[in-house]
Each structure stands twice: as C-alpha cells, then as structure tokens.
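Please examine the structure shown below together with its sequence.

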Amino acid sequence: MTEPPKEPVRYVETTVHLPYHYVAGDVRARYLAALKEKKILGARCSRTGKVFVPPLVASPESFAPCDELVEVADRGVVTTFCVVNLPVIGRNIEIPYVASSVALDGADISIFALVQECRPEDVRMGMRVEAVWKPDGERQGDHQDIQYFRPTGEPDAPRESFLHRL
Amino acid sequence: MAPLRNVAVVGFAQAPIVTRDERRVATEILYPQVRRALTECGVERDAIDYQVAGSADYVDGRPFGFVAALDVTGSWPPRQDLHLEMDAAFAAYYAWVRMQAGDCDSAIVCGYGKNSEGELERVLNLELDPYYQAPIGLTPTATAALQASAYLARTGTLDRTLAEVAARNRVAGARNPDALLREPATADDLARTPWAVAPLRQGYLAPTGDSAVCLVMAAEGKAEAMCDRPAWIRGLDQRIELQTLGARDLAASAGARLAAEKALAMAGMRTAHEADVVELAAANPAEELILLDALGLATADGGPPINPSGGPLCGHPFMMTGLVRLGEAFRQLAGRAGDHAVPRARIAIAHAAQGHCLQQNLFFVLGAERRWT
C-alpha cells in the first residue's frame with residue numbers, strides 16, 4: 001500500500017431525508033378533536049374498568065380491549081412533580097418550571113403537565129390543579145390546546161386518593 | 001444429529017394487507033391479531049411464556065417504536081421479551097432456539113410496522129454501505145434489478161418467464177382473503193407493464209402494504225392442547241451473506257442454498273421435492289427463480305406448489321413478509337388455508353429474507369409429524 005494522501009478527506013457529508021406521514025388513528029383523532037371542545041377523553045378497560053388518558057385501544061395492564069370512550073375532568077391532583085432548571089429542547093419555557101404528573105378526576109393514570117401561576121416551591125403532592133385552555137377559536141385539536149395547569153385553591157387531596165395513580 | 005425438542009407453530013393471525021390503513025396506527029393493527037391468535041389456541045395471555053417481535057423503527061418513523069408494541073401484546077406482569085430489527089420470521093427462529101434451551105415452552109411472535117407511513121425506498125437505501133453504495137442512490141428496486149439482470153444473463157431466462165412467474169402468483173393471490181392484490185393477472189398483462197428498473201417491470205414488483213401478524217409457537221407437551229393439527233418444525237437454518245454487493249455472485253444466492261441444504265438435512269429430507277408446498281419471500285420473480293434454484297426446485301418437471309397464498313407479489317408487508325410465509329405454511333398443514341389450500345399437504349417449506357439481493361435467508365421445514373421421538 002502507498003502512503004495515504006497528505007491532506008486526507010476528513011469528513012463525508014451525507015444528508016438523510018426521510019419524510020413520514022403519520023395517521024392519527026380513530027382513537028387519537030377523537031381525543032384530539034375533543035380537546036378543541038375543551039373536553040378530555042379517556043378509554044375504559046372492559047375488564048377492570050380503569051380509565052386511561054389519553055385513550056388506548058387496549059389496556060396495557062389487563063390486555064383487555066378498551067372499547068368505551070369516557071369524558072374525564074379537566075382538573076385533578078398533582079401526584080408527583082419535579083422542578084426543572086435545564087432549558088427544554090423545542091419549547092420556549094421560562095426556567096425554573098414545574099413538570100408534574102396530574103391525575104385527572106375520573107382517570108386511573110396520570111398525564112404529564114406543566115404547572116404554572118404559582119411558585120415552584122409551593123407545588124406539592126396532592127395539590128389540586130385545573131387546565132388553562134387556549135381561548136376559543138385558537139384551539140387546534142392538539143396537545144398545546146392545554147397551555148398548562150394552575151392551582152385551584154381547593155384543599156389538598158388526601159394521599160390515599162392518588163397514591164395508586166402516581 | 002442428537003434429538004432436539006419438538007416445537008410447533010400452533011396459531012397464526014394476520015390483518016389483511018392494505019395499501020394504507022387510514023384509521024389505525026401500527027399497534028392498533030397488531031392488538032386484534034394477538035387476541036385472535038391466542039383465541040385460536042384457546043389460551044389466555046398468561047399461558048404464553050415468551051414474546052418476540054421483528055420490526056424496523058425506520059419503516060414507520062418511530063424511534064424506539066418497538067416498545068410501543070408492548071402495550072398491546074399483554075406484557076404485564078413484566079415479561080421476558082426479545083425484539084429484532086429483522087423480519088419477524090427471524091424472531092420465530094430465536095423463539096425456537098429459546099425453546100431448545102428449555103426455559104420456555106410457548107411464545108408469541110409479532111410482526112408490525114406500517115409500511116405506508118414512510119418511504120421504504122429511501123429507508124432501505126440506508127441499509128447499504130454509507131460511503132460507496134447509499135450516496136449514489138441505490139434503492140432496493142435498483143439492487144433487485146441488478147440481481148435480476150445478473151440472473152437473466154447467467155441463465156438465459158427471458159422476460160416472458162418472469163411474467164409467467166409473476167402471473168402464477170397473481171392468480172393464486174386471488175384466492176387468499178389476506179392478500180393485497182386479489183385481481184388475477186395474466187403473463188400477457190404483466191409483460192405489458194412499464195419498466196420499473198429494467199429488467200424488472202412494474203408488474204413484477206411486490207406491492208408493500210400495511211398489516212400486522214401474530215404467530216404462536218409451543219413445544220411438545222403444550223402444543224397439542226393449543227392446536228388440533230400443530231405444524232412441527234422439522235428443520236431450520238439461516239445464513240447471512242456479505243454486505244458489499246460487488247463481492248457476491250448476484251446471479252445466485254449462496255446463502256439461500258446453504259440454508260436450504262442445512263434445513264432439509266435437519267428435517268431428514270434428501271430433496272425439497274419431498275415438500276408438498278413452498279412459501280417463498282421473493283419480492284420479484286427473479287428472486288423467486290433464484291430461490292427455487294437454491295432449493296433444487298428449478299426444474300420444469302413439476303414440484304410442489306410455490307406460493308399458493310400469492311406470495312409477496314400479492315402483498316409485501318415489509319418486516320413481516322417472512323413471518324407471513326411461516327404462517328401460511330402453518331395454515332396449509334393445519335387445514336386452515338381455505339380456498340388456497342394445497343390438498344393433503346404434510347410437509348411445507350417456508351422462507352424469509354432480509355437485506356438487499358437476498359442478503360439473509362432463513363428456511364423452515366414444517367411437518368404434520370414430529371421430527372424427533
């Protein structure tokens with residue numbers, strides 16, 4: 001073998017372009033359309049009765065179909081939370097902010113949500129919160145339709161009421 | 001060889017292949033197939049020890065997307081699981097290996113991933129070498145045409161023969177309710193279709209589509225209760241060839257030939273002519289001819305029916321096409337092939353492939369009788 005070139009090629013530029021076109025699916029489509037109407041849908045497991053939000057076609061836990069869509073409340077309880085001091089990729093959010101699991105009233109699992117309109121140090125497990133929706137006419141039927149959750153000022157929920165929904 | 005554990009295919013469910021499922025995501029297509037396959041076996045999910053799957057995240061563009069399937073495969077309480085970035089038929093191979101190890105007696109094998117959500121030709125370009133092959137724009141259709149061209153030149157096979165092979169598949173597919181293309185076509189029709197990449201015409205290419213499949217396997221002692229006519233695995237082998245296309249003889253498939261020889265020998269067969277039916281994962285007629293050559297079936301004087309399901313030319317749900325072949329072989333032996341049944345089938349060969357120009361090949365030999373006593 002001869003010597004490699006004195007000025008080697010150090011990089012090869014490769015552009016990968018892979019377009020995708022995702023179908024929402026009937027269940028997600030109904031869930032997203034409901035957000036536009038300020039409604040949150042879940043799906044009820046036909047075996048255990050548990051309600052999953054967002055809705056699923058089957059219970060991951062029981063393997064039974066979830067064939068009934070039910071409306072749950074747009075308010076609930078902070079089950080667990082963390083205070084984020086790192087910038088978020090892709091979202092313009094002032095730090096620190098509170099990322100929380102919120103168990104909506106009527107749901108058996110929690111969703112992830114921002115908690116705002118309060119100081120991070122005031123957030124606690126059991127705190128009651130409600131959704132702050134985008135104004136009428138601005139909701140698009142996507143997850144940004146709920147801007148964040150804020151405290152309702154109601155008394156805290158007792159721990160037993162949410163410990164199974166962490 | 002030393003006796004191995006007898007393992008059988010005991011159930012199979014497939015979503016009919018469609019060009020594009022507008023109403024369900026991949027896991028939503030899969031869920032009913034898992035339910036149907038278990039119902040067919042008369043068991044609850046808890047009766048299954050092991051779960052394996054094959055899919056490729058790039059196909060439908062969901063990084064780490066395979067974990068989403070866990071939510072619809074009954075994966076609670078926590079299960080032992082294996083996922084392959086391979087056609088799901090290779091996952092069935094590993095389920096068999098696992099059962100030989102003796103620590104599980106039953107498994108579900110799932111294949112899924114919506115072909116329609118991305119652009120497979122672009123995705124499969126990335127399967128090639130990133131410095132020399134992928135940047136020049138090679139796609140699976142182009143590499144398949146290179147292979148077809150090499151095969152035609154080596155053997156003197158004519159375009160007319162490719163049209164006849166494709167037409168035979170299309171006529172068969174008209175009898176398979178799960179096929180994507182159910183309109184029969186004649187060799188004349190197909191020989192008039194425009195060139196896709198010469199020497200392959202548009203009518204010679206396997207149409208990709210959306211589906212999901214679940215196959216159930218069980219070892220002797222469990223299998224009998226799950227199926228009245230289990231399809232026993234009598235032999236199997238898989239071989240992989242080199243990545244550099246130029247380093248391979250594309251006019252033949254050395255890997256397919258060796259895998260076929262090993263699988264047949266394991267099954268105690270002298271020749272593939274002893275099989276009653278063969279299902280091949282051939283994505284075009286030249287591939288089918290190359291595979292028949294590898295099996296020693298490339299003679300004009302009869303032989304077992306090839307692809308009575310219509311084969312991939314009547315529906316090619318990429319990443320599960322091979323598992324569908326295994327499922328079809330099971331259907332033939334279990335008496336569940338309906339209008340496309342091969343009468344009195346006792347031995348079936350199923351093939352799966354992955355990669356450009358048949359890079360990886362897997363053969364199963366299934367039989368109505370156990371192999372080892």
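Predicted model: local features only at pLDDT ≥ 70, side-chain atom pairs only at ≥ 80, totals over all residues.

Asn307(B) is found in the loop that runs between H10 and helix H11 (321-334) of chain B. Its phi is near 50°, a positive value although the residue is not glycine.

Cys357(B) has 20 C-beta neighbours inside 10 Å; because the cut-off for a buried residue is 20 or more, Cys357(B) counts as buried.

Most residues other than glycine have a negative phi, and most peptide bonds are trans. The bond joining Trp76(B) and Pro77(B) is cis, with omega about 0°. Pro77(B) is situated in the loop between helix H2 (57-60) and strand E3 (80-84) of chain B. A cis peptide bond also leads from Ala198(B) to Pro199(B), where omega is near 10°. Pro199(B) lies in the loop between strand E5 (195-197) and strand E6 (200-201) of chain B.

The interior may be considered next. In soluble globular proteins, nonpolar side chains tend to be buried together. The largest nonpolar core here contains 162 residues, and the members that touch the most others are Ala92(B), Val109(B), Leu215(B), Met217(B) and Leu366(B). Helix H3 (residues 88-101) of chain B gives this core its largest share, nine residues. What does Leu215(B) touch, not counting residues up to four places away in sequence? Its contacts are Val9(B), Gly11(B), Phe12(B), Ala37(B), Ala92(B), Val109(B), Leu323(B), Leu326(B) and Gly327(B).

Two packed helices are described by the angle between their axes and the distance between the axes. Helix H5 (residues 140-155) of chain B packs on helix H10 (residues 285-295) of chain B at an angle of about 55°, and their axes are 9 Å apart. That angle makes H5(B) oblique to H10(B). Their crossing is left-handed. On the H5(B) side, Ala144(B), Gln147(B), Ala148(B) and Tyr151(B) take part, meeting Ala286(B), Glu287(B), Leu289(B) and Ile290(B) of H10(B). Sorted by class, this contact has six nonpolar residues, one polar and one charged.

H10(B) also packs with helix H9 (residues 254-266) of chain B, at an angle of about 40° and with the axes 8 Å apart. H9(B) and H10(B) are therefore oblique to each other. In this pair the crossing is right-handed. Ala256(B), Arg257(B) and Ala260(B) of H9(B) make the contact with Leu291(B), Ala294(B) and Leu295(B) of H10(B). By class, five of the residues in the contact of H9(B) with H10(B) are nonpolar, none is polar and one is charged.

Finally, how many residues of chain B are in contact with chain A? The contact involves 22 residues of chain B and 17 residues of chain A. Helix H1 (26-41) and helix H4 (120-125) of chain B each contribute at least two residues to the side of chain B that touches chain A. That side of chain B has nine nonpolar, three polar and 10 charged residues.

Methods:
Residues numbered from 1 in each chain as written. Chains lettered and ligands numbered in written order. Axes fitted to C-alpha atoms, helices over the stretch in contact; angles between N-to-C directions. Helix = DSSP H or I, 4+ residues; strand = E, 2+ residues; numbered from the N terminus. Parallel < 35°, antiparallel > 145°, perpendicular 65-115°, else oblique. Left-handed = near helix turned anticlockwise from the far one by under 90°. Contact = placed C-beta atoms within 7 Å. Nonpolar A, V, L, I, M, F, W, Y, C, P; charged D, E, K, R; others polar. Buried ≥ 20, exposed ≤ 12 C-beta atoms within 10 Å, placed from the backbone. Core = buried A, V, L, I, M, F, W, Y, C linked by C-beta atoms within 7 Å.
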